[in-house]
Amino acid sequence: MAKDKQQQEEVEQEVLHNTEEQDVAQEQDQSEEKTELEKVQEELQAEKDRYLRLFAEFENYKRRTAKERVELFKTAGEGILKDMLPVLDDFDRALVEINKSDDEQLTSGVTLISNKLRNTLKSKNLEEVEVEAGDTFNADDHEAVTQIPAPNDDMKGKIIDVIEKGYKLGDKVIRYPKVVIGK
């Protein structure tokens, strides 16, 4: 009987030991499942973050390209309009010379053509930069061709004469006015 008792105790200890091992194994499995679940959740969160960043980047791209497209349409004819500026200058010079003559039909005909051209260019958002003699010179808004002695002290640093008119297309200056300033 002592042997049976001893064997029974050994079996009980072995069962107890196996139960403890199973408990430890189950705890490890549960902790591994938790860590796997946590890993999957972290990966999911990282992918969500990556998706949101990519979506925001794409939205910024769409906004930027739409803005660039609008700007391109606004200034699409800039090259052609720049090429037309010398023609406007020629009309101004022609009108000055024609006004000296006595031929009213010639004056009215050239004025009519000049006005048509100006109105057409104005409809394309071409505007003349307003500058007059006596205005204060600003290097950001004017191009100084030369400096001459000022006729009086009030004209120092101011525009004495406008050599060539300036023009802007919308908000963008495509040719700065060329001016003479007093020193």
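## A loop residue, a sheet and a core

N125 counts as partly exposed because its relative accessibility is 43%, and partly exposed covers the range between under 20% (buried) and over 50% (exposed). The model is predicted. N125 lies in the loop between helix 3 and strand 1 (126–129). Its phi is positive, about 75°, although N125 is not a glycine.

**The sheet**

Strands of a sheet pair through backbone hydrogen bonds, either parallel or antiparallel. Here 3 strands form an open sheet with mixed pairing, in the order 2-6-3. Strand 2 and strand 3 stand at the edges; each has a single partner strand, so one side of each is left without a neighbour in the sheet. From one strand to the next, the twist averages 25°. Strand 3 and strand 6 pair in the antiparallel sense over 4 bridges. E164 has K178, in strand 6, as its bridge partner.

| Strand 2 | 143–148 |
| Strand 3 | 159–164 |

**The core**

The largest nonpolar core has 13 residues, and those that touch the most other members are L85, L88, L121, L126, Y167 and I174. At least two residues of this core come from each of helix 2 (78–99), helix 3 (104–123) and strand 4 (166–169). Helix 2 gives the most, with 6 residues.

Which residues is L88 in contact with, leaving aside its neighbours within four places in sequence? They are L117, R118, L121, L126 and Y167. Among them, L121, L126 and Y167 are also named above as core residues that touch the most other members.

Methods: Residues numbered from 1 in each chain as written. Predicted model: local features only at pLDDT ≥ 70, side-chain atom pairs only at ≥ 80, totals over all residues. Heavy atoms only, no water. Pairing = 2+ DSSP bridges. Axes fitted to C-alpha atoms, helices over the stretch in contact; angles between N-to-C directions. Core = buried A, V, L, I, M, F, W, Y, C linked by side-chain atoms within 4.5 Å. Buried < 20%, exposed > 50% of the residue type's maximum accessible area, 1.4 Å probe, protein only. Contact = heavy atoms within 4.5 Å.
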